[in-house]
Amino acid sequence: MKKLILSIICLIGFNGQITFAQCDGQKTEKKLPTSIGMVISTNDVETVWNALRLANFSKDEGDTIKIFLLGKGVEVEILVKENTDIKEQAEKFLDSGGIILGCGTCLTSRKNDNPQVCKFSSMADLYSLIRSNKIVLTF
């Protein structure tokens, strides 16, 4: 047992340092920007708000973000009118050059043929978002 522990210590000593993850919220190094696609398919206020907050934070970090609203997610149009926190996050995202796409079929089924927050889009746009982004998150 002592030989095993000694061997492990020697291997670590010869092969480099041990690195520990830090979760204290402080930035330790600048990461390279990446592309992130977000699919929001809920109309839950808290979830939508947090997804938009993450999108804005990621943009501030230099990442490229594109959001696709699907199903109940297209109801963000309504949430923006009813909730100032969501409105603030959506405006910040759009004002910084962010793109929000909305499923055309889902918008039409809710009788919204002239969306204000998102661009009328298709499954081809969703497919493109999935294929072209390094990371895809769903909410």
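Modeller: Before we start, a residue is buried when its relative accessible area is under 20%, exposed when over 50%, and partly exposed in between, using a 1.4 Å probe and protein chains only. We're looking at a predicted model, where local features need pLDDT of at least 70 and side-chain atom pairs count only at pLDDT 80 or more, while totals for chains, interfaces and linings use all residues. Residues are numbered from 1 along each chain as its sequence is written, and side-chain values use heavy atoms, with hydrogens and water left out.

Biologist: OK, what is the mean pLDDT of the protein?

Modeller: pLDDT is the predictor's confidence in each residue, on a scale from 0 to 100. Here 79% of the residues reach 70 or more. The mean for the protein is 87.

Biologist: What pattern does the protein follow along the sequence?

Modeller: Helices (H or I, at least four residues) and strands (E, at least two) are DSSP runs, numbered from the N terminus. There are six helices and five strands. Read in order, they give α-β-α-β-α-α-β-α-β-α-β.

Biologist: Which residue's backbone nitrogen does the side chain of S35 reach?

Modeller: S35 lies in strand β1, residues 35–40. Leaving out residues up to four places away, S35 touches T64, S132, N133, K134 and I135. At 3.0 Å, its side chain reaches the backbone nitrogen of K134.

Biologist: Now S121: is it buried or exposed?

Modeller: S121 is in strand β4, residues 119–121. Beyond its neighbours within four places, it contacts F68, L101, G102, C103 and G104. Its relative accessibility is 8%, so S121 counts as buried.

Biologist: Last one: what share of the accessible surface belongs to carbon and sulfur atoms?

Modeller: Of the 139 residues, 33% count as buried. The accessible surface, from the Shrake-Rupley method with a 1.4 Å probe, comes to about 9,600 Å². Carbon and sulfur atoms hold 56%.

Methods:
Polar contact = N/O pair within 3.5 Å; in protein donor to acceptor, adjacent residues only side chain to side chain. Contact = heavy atoms within 4.5 Å.
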